[in-house]
Every structure is written in C-alpha cells, then in structure tokens.
Amino acid sequence: MSEIKKETDSIKRMNEINETADKLDNKKIKLESPENLAGIFGSMDENIRIIEEGLRVRIRYTDDEISIEGEAANVEKAENVISKLSLAVAGDGSVTRQNVLYTVGMAAENKLELTDAAVVSDEFICLTAKGVRIKSKTYGQKLYTDALKANDIVFCTGPAGTGKTYLAVAMAVNSFRNRHVSRIILTRPAIEAGEKLGFLPGDLQDKVDPYLRPLYDALYEIMGVETYMRYLEKGMIEVAPLAYMRGRTLDNSFIILDEAQNTTHEQMKMLLTRIGFGSKAVITGDVTQTDLPGEKKSGLKEAVRILAGIKGIAIVQLSEKDVIRHELVQEIIKAYEENEK
C-alpha cells in the first residue's frame, strides 16, 4: 500500500513540475534605442530590481537585448513595463523611482494601459520658474487635471502627497499666464492641526502665514519668488484665510480652497456662493484628517455628497496609488485605512 502511495506522490510531483515548466517563459526584447538603456535601468540597475521583485521575474541584458524569465503572465507584464519606461525615457529623458514603482504596481493589477496618459505622455501643465515640466504622474492625477480643464468647480479628495494642492496651483498659474483669468485666489481655513499654537507674534499677515505656507511653497516653485511678489503687490495673486472671502464676488478668478476638510457647512456654502463670472474653483482636502473641534461635520464631506451629479461640477477621488512621495507613505496610508476599518 505504501509503495502505491509513493508512486502516486511521485506522479503528482512530476505533474506539478511539468505544469510549472509549462507556465515558465523566456522572452528576449531587442532594444530599438540602446542608448536609452541607462535611463530604463536606473542607477545601479535599481529599476530592474523593482521590476524583478514586483513581478517575480528574472531580467538579464546585453548591449542591445533584454532577456526576461518567469511565469508567462509575469514575463508579459514585465515586457510591457519595460516598453512603457522606454517610451517615457524617449519622451522627456528621465524615469524616476516613483514612475517605476507606480508602473509595476499597475501592471501587477492588470491596469497598465491606464498609465499611458500619465507615465508615457509628454503632455504637461506648465513650466516652473526653473523650466521643469509639471505633469500628471499617475492615472488618478490625469483624471484630476482633465476635470480641472473641463469643469468650473472641481472637488478633489485624497490622502496627503497625491498632488491635490500642487496640481491645482499649477493649473491656476497656467490659466493666469494664458490670461484665461485675471487673478489667482488661494485660501484655506485657519485651523490648527491637532495642537494649540497660542498667540502668534506680528501683524495679521504674519499670524496667518503659517497656515498658508503650503500654498506659498507651491507658488514660489512654479512662479519664482520675485514674480510671485510682483503679482502679489499688484493684487493679481491673493493668499488669505477663508474668513476673508465673506461678502465678496470673485469674478475672472482661479480660486483654490485648500484643506477644505476643515471647513464647516457655513464656510463651504459661503465660498461656493462667492464664485463669479469667468471663474474656476478647486476645493481640495483629505476627509480622513479633519481637525474641526467637537462634533462639527466637515463641509467638504457634505458638499461632495450634496453636489454630486450637478453638471459643471466634478468630484475626483485620489488614493494611495497617486501618492508622489516616499514609497513608504503609501504603505503608511494603507495601514491606517486598514486600522480604521
């Protein structure tokens, strides 16, 4: 009886080995532009290691040929990832670690085609003061910028690091440079994030500056400090607390409300009813990081629920996959989300 069992187990193992062998594949890719190899592979072949670990394949290469070994499905995914990265290198000459991680992650989820509009595309929003192109780096960000182009009011929610504020400022600067609007207005509620700062020294501007610092940083990088200060003095750029919007009509303006999760029902309604002719408004925030005191409900959560489905208003939800920061930030966000569930 034991001999029969041994023989049966042996046949079973042989079948498993044969099945595994059938799944394995070895594919060779001939590089059309070998000079792009360094850009694709990254420093010390870092990008290749990310692809190998993320898709469980083995990659070898010669001067103009790449060999990929692994399960057939994973080999195909790795081939497509390398093809996307090659196009990106040929487009603007660079591939970041973040690009590779994002592309591999999308390939693993069989969503690689969604990266075409972001990673591969050479379309950009505007140039920074140093001539750097600002563009969407993920599919979610591309949906966001497309919504900004097509709608007069856009709500964008998502975790920290997804580019909600930065891309909104970039779109505002682009509209301002192209004279689609005559001024940029950036505002946010002046609420402390979980700690009391007490009385701050200086005049009114000095007191509100700490709350508006992220907006200043984005404008400084995109416009340059001197250009920003010149437009600020002329009143063509305004950075102010949300309370200063009451009673005004904002015509021909690109309005950005940042940290909108900290607005109340009254504040959100007040801002949305300030929008005048020829204006656009972007409302951004992370609904998981509300700093409102007591039991007050977030005006952002409420507005997204009430205004969904109205023509001319777009609602975009970004996720941890759209985070453009250290890759551990994505893992941190996912861990907190799981804990809250």
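Two strands are taken to pair if DSSP finds at least two bridges between them, and helices (H or I, at least four residues) and strands (E, at least two) are DSSP runs, numbered from the N terminus. The model described here is predicted, so that local features need pLDDT of at least 70 and side-chain atom pairs count only at pLDDT 80 or more, while totals for chains, interfaces and linings use all residues. Residues are numbered from 1 along each chain as its sequence is written, and side-chain values use heavy atoms, with hydrogens and water left out.

The protein has 13 helices and 11 strands. Of its 341 residues, 42% count as buried, where buried means under 20% relative accessible area, exposed means over 50%, and partly exposed lies in between, for a 1.4 Å probe and protein chains only. Contacts, defined by heavy atoms within 4.5 Å, were considered for residues with a separation of 6 or more, and residues 24 or more positions apart account for 70% of them.

An open sheet is formed by 6 strands in the order E8-E7-E9-E10-E6-E11, with parallel pairing. Strand E8 (237–241) and strand E11 (313–317) stand at the edges with a single partner strand each, so one side of each is left without a neighbour in the sheet. From one strand to the next, the twist averages 15°, with axes taken as lines fitted to C-alpha atoms, for helices over the stretch in contact, and angles running from 0 to 180 degrees between N-to-C directions. Helix H8 (residues 164–177) packs on this sheet, touching E6, strand E7 (183–188), strand E9 (253–257) and E10, and the direction of H8 makes about 170° with that of E9.

Strand E6 (residues 153–157) is joined to strand E10 (residues 280–285) by 5 bridges, the two running parallel. Along this pairing, Cys156 stands opposite Thr284 in E10, and the bridge partner of Thr157 in E10 is Gly285. A further 5 bridges join E6 to E11, again in parallel, and here Thr157 stands opposite Gln317. Because 5 of the 5 residues of E6 are buried, the strand is largely enclosed by the rest of the structure. Both of its faces are covered, with Ile153, Phe155 and Thr157 buried on one side and Val154 and Cys156 buried on the other. In helix H11 (265–272), the residues Met268, Met270, Leu271 and Leu272 are buried, and what covers the buried residues of H11 includes E6, E7, E9, E10 and helix H12 (299–307).

Attention then turns to a pocket and to one of the helices that line it. Helix H3 (46–55), helix H5 (97–108) and helix H13 (327–340) are the elements that give two or more residues to the lining, and H5 gives the most, with 8 residues. By class, the lining has 7 nonpolar, 4 polar and 10 charged residues, where Ala, Val, Leu, Ile, Met, Phe, Trp, Tyr, Cys and Pro count as nonpolar, Asp, Glu, Lys and Arg as charged, and the others, Gly among them, as polar.

Helix H5 also holds Val100, which is buried with a relative accessible area of 0%. Leaving aside its neighbours within four places in sequence, Val100 is in contact with Asn47, Ile50, Ile51, Leu85 and Val95. The C-alpha atoms of Val100 and Ile50 are separated by 7.3 Å, although these residues are 50 residues apart along the chain.
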